[in-house]
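Please look through the model shown below with an eye to its backbone.

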Amino acid sequence: MATGYLFSELMMWWTPGEMTNVRKGLEPTQHFENVETKRRFNNLIHASGLIDKLQQVKARTATVQELCRVHTQRYVEYVQELSKDSSKGIHKAGPDVAFGPGGYEIAALAAGGSIAIVDAALDGSIRNGYALVRPPGHHACADQGMGFCVFNNIAVAAAHALEARGLSRIAIVDYDVHHGNGTQEMFWEDDRVLFISIHQDSNYPLNSGPLTDTGSGKGSGTTINVPLPPGSGSGAYRAVFDRVVVPALDAFAPQLVLVSSGFDASFFDPLAQQMCTSEDYRYFTQVMSAAADRHCSGRLLYFHEGGYSAAYVPFCGLAVMEQLSGHKTQMQDVFLGDTAVGGQALQPWQDAVIGQVGAGPLTLLRQKVAEQRQQ
C-alpha cells in the first residue's frame, strides 16, 4: 500500500496577520506561523520527485458534530461567528491565536483533512501518511484556541477513529518542541488514548507538561510527558524514542499511531533551543514505523504542527516522507554539516530526565495495561 499525502492550497491561505505593536517599538513583521515553512515543505516534496511515489488524499471540511467530539459547541459557534465578520482584518480566538475572515472554513478543512487521512488508512487505501495541515492544532483546547491553533486537528482525528470507526486503542506521539497541552487535556481521562509528549521543558505553554502529569480517572497512566532540557540534541531525543516511546507503544499495542509532527525541535528554529537534525526525524519515523508494523499493520499517520525555520523545515519533512514511503530521493540536507556541533551526545542531565520517565510514567503505563488485561 502507498504512503498518503494530504495538501490543500486553501490551507496555505490561512493568515494570522502580522506581528506589530507600534507603541512598544515592534515594527510590523511576518508572523512566526506563516505560510513559507509549509509551502516550501510541499515544494521540496515536488522538486525531489517524491510526489510521484505518494498517493494524494483529498481534504474535506469537518462537520460541526465532528469538531464537537473534542470542542464545545459554544466555542465552535464562536469561531464561526468571528469568521463571518469581515469588518476586521484579524480576529482572536484565544491566547496567541488569530485569523482573518473566512478562517473557520480553513480551520475546519484542516480538521476534516485529518479525518480524511485516518479514513484512508483504516479503509486500506494507504498504509501510512502525512497530512500537511494548516493551521496547526495541538495547543487548541476544548473551549478556546491557543498558540496559533484553532481546532485540535489530531484530537479531532483520534476522536473520529474512536467514535465513528470503532477503534479502542490509539497512540498519539507529539514531538513538537512545545507541550501538546490541548491534546493532553482532551484525553486526560480516556484510557483508550495513549498520549506521549516530548517537549522542551518550560517553553510553551509555561509550566505545562511536567513528567508528573500522567492522566487521571480511567486515563490514569496513559499520559507520558518527557520535558527535555534546552539544548537537547540527537543523543537525548533518540534515547527518548528508544527508551520511552517504543516501549510505551509496545506495552499499549495501539490499533493506530498518530503523530503531532512539529519540526521546531530542530536546529535553526527561532522559537526553541533544541538541536535535532533531519536525520533525527528520519530515525524517529523509522522506529515508530517498526512499532506500527508490529501492532497495527503499519498504520502510522502524521499531522503537521509547528516548525518555524523556512530553510530547514522542508529538509526535516522530506526525511520523514522518504522514510514513510521507502523512497530515497537525490535531495540532500544542505545544512546537515552545519549541525555537527558539540553537545549532541546524550548528556547526564538529559539522561536523568529520561530515567525518571522510565521509572515513573512508563512503569505506571505498564502496570495499567497489565491490570486491564487481567480484567
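What follows describes a few local backbone features and then turns to a side chain and a database record.

This is a predicted model, in which local features need pLDDT of at least 70 and side-chain atom pairs count only at pLDDT 80 or more, while totals for chains, interfaces and linings use all residues. Residues are numbered from 1 along each chain as its sequence is written, and side-chain values use heavy atoms, with hydrogens and water left out.

Most residues other than glycine have a negative phi, and most peptide bonds are trans.

| Residue pair | Peptide bond | Omega |
|---|---|---|
| Arg134 and Pro135 | cis | about 5° |
| Tyr204 and Pro205 | cis | about -10° |

Pro135 sits in the loop that runs between strand E7 (126-131) and helix H5 (153-163), where helices (H or I, at least four residues) and strands (E, at least two) are DSSP runs, numbered from the N terminus. Pro205 belongs to the loop between strand E9 (193-200) and strand E10 (223-228).

The loop between E9 and E10 also holds Asn207, a residue other than glycine whose phi is positive, near 65°. Asn207 is exposed, with a relative accessible area of 68%; on this scale buried means under 20% relative accessible area, exposed over 50%, and partly exposed in between (1.4 Å probe, protein chains only). Ser297, which is not a glycine either, has a positive phi of about 55° and is placed in the loop between helix H8 (278-296) and strand E12 (300-304). With a relative accessibility of 48%, Ser297 counts as partly exposed.

Tyr308 lies in the loop between E12 and helix H9 (313-325), and this residue is buried, its relative accessible area being 13%. Leaving aside residues up to four places away in sequence, Tyr308 touches Phe32, Glu33, Thr37, Phe148, His178, Asp264, Asp269, Pro270, Leu271 and Val313, where contact means heavy atoms within 4.5 Å.

As for the record, an unreviewed UniProt entry lists residues 36-321 as "domain: Histone deacetylase"; UniProt positions are given in the numbering used here, feature names are shortened, and annotations may be inferred rather than shown by experiment. In the model, residues 36-321 are 40% helix and 16% strand, and the end C-alpha atoms of the span lie 18 Å apart.
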